[in-house]
Amino acid sequence: EKFRDQFPDRFLNVGIDEQNMVGVAVGLSMQGYNVYIYSIANFPTLRCMEQIRYDVAYHNANVKIVSVGAGYAYGSLGASHHATEDMGMMRTIPNMVVCSPGDPVEARAVTKFSATYQGPMYLRLGKAGEPVVHASEIKVNIGDILTIIENEQSNVAVFATGGILNYAYTYLNSNHISS
């Protein structure tokens, strides 16, 4: 809403027509815009997979697909609102960069990166309210692995992405696996 209010000439609401939203976004990107589309996680991905594959990815369009409510975040609304296959499907699409930030610090870093990245990108967000895990602001690049805990006495490696990050971090700290 803040973006819509500040930049009304750069905000479009296409309603519940996600496939059309992707087509409009690709058209705008072909005119030089860095376009972001957004909806509840399964709608801008699963409902639009064909448009994402053929229109966004194959044309290497500068479209950022932002989803909120990853996994079962909207669980009470039923299977139509669950986003459990989206990450796997998006990872198979050519030219698509997939980002699944684990806390608000990572989400800010990925958003900043996406603003300058030229090409298709998928930003998979939680439902909001995820706790902060990183102690300070970070910068990210494609392929980065961000170290949260390091203990050279341990031979355990734990990789986490998205909403599970805080659970993994809390578990490792509470079980004294970290330093």
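Let's begin at Ile145, which sits in the loop between strand 4 and helix 6. Keep in mind as you look around that this is a predicted model. Is Ile145 buried or exposed? Its relative accessibility is 64%, and the cut-off for exposed is over 50%, so Ile145 counts as exposed. Now find Ala160, which is 15 residues away from Ile145 along the chain. The C-alpha atoms of this pair are 9.9 Å apart.

Those two residues also turn up together in the lining of a pocket. Ile145 and Ala160 are among the residues nearest the centre of the second largest pocket, along with Asp144, Leu146 and Phe159. In total, 39 residues line this pocket, and the space inside comes to about 1,100 Å³. Helix 6 makes the largest contribution, with four residues. Sort the lining by class and you get 24 nonpolar, 10 polar and five charged residues.

How do you find empty space like this in the first place? Rolling a probe the size of a water molecule over the atoms shows where space is left.

Next, head over to the largest pocket, with a volume of about 1,400 Å³. Its lining has 30 residues, and the ones nearest the centre are Phe3, Arg10, Phe11, Tyr36 and Tyr38. Helix 1 (2-6), helix 2, strand 1, helix 5 and strand 4 (121-125) each give two or more residues to that lining. By class, the lining has 19 nonpolar, five polar and six charged residues.

Now let's go from the pockets to the packing. In soluble globular proteins, nonpolar side chains tend to be buried together. Here, the largest nonpolar core is made of 18 residues. Ile37, Ile52, Val56, Val63, Ile65, Met90 and Met96 have the most contacts inside this core. Helix 2 (18-30), strand 1 (35-40), helix 3 (49-57) and strand 2 (63-68) each bring at least two residues to it. Pick out Val56 and see what it touches: beyond its neighbours within four places in sequence, Val56 is in contact with Val22, Val26, Gln51, Ala61, Val63, Met96 and Pro120. There is also a second, separate core of 10 residues, and Val66, Val97, Phe113 and Tyr117 are among them.

Most residues other than glycine have a negative phi. Asn60 isn't a glycine, yet its phi is positive, at about 50 degrees. You'll find Asn60 in the loop between helix 3 and strand 2. Asn95 also has a positive phi, near 70 degrees, and it lies in the loop between helix 4 and strand 3. What about their exposure? Asn60 has a relative accessible area of 42%, so it is partly exposed. Asn95 counts as partly exposed too, because its relative accessibility is 42%.

Finally, how confident is the predictor? The mean pLDDT of the chain is 87, with 95% of the residues reaching 70 or more. Among the elements, helix 5 (residues 104-116) has the highest mean pLDDT, at 95, while helix 4 (residues 86-91) has the lowest, at 87.

Note on methods
Residues are numbered from 1 along each chain as its sequence is written. This is a predicted model: local features need pLDDT of at least 70, side-chain atom pairs count only at pLDDT 80 or more; totals for chains, interfaces and linings use all residues. Side-chain values use heavy atoms; hydrogens and water are left out. A nonpolar core is a set of buried Ala, Val, Leu, Ile, Met, Phe, Trp, Tyr and Cys residues joined through side-chain atoms within 4.5 Å. Buried means under 20% relative accessible area, exposed over 50%, partly exposed in between (1.4 Å probe, protein chains only). Contact means heavy atoms within 4.5 Å. pLDDT is the predictor's confidence in each residue, from 0 to 100. On a 1 Å grid over the protein atoms alone, a cavity is a set of points where a 1.4 Å probe fits but cannot get out, and a pocket is an open set with protein on both sides within 12 Å along at least five of seven lines; lining residues have an atom within 4 Å of a point. Grid points are joined across faces, edges and corners, and a volume is the space filled by probe spheres set on the points. Ala, Val, Leu, Ile, Met, Phe, Trp, Tyr, Cys and Pro count as nonpolar, Asp, Glu, Lys and Arg as charged, and the others, Gly among them, as polar.
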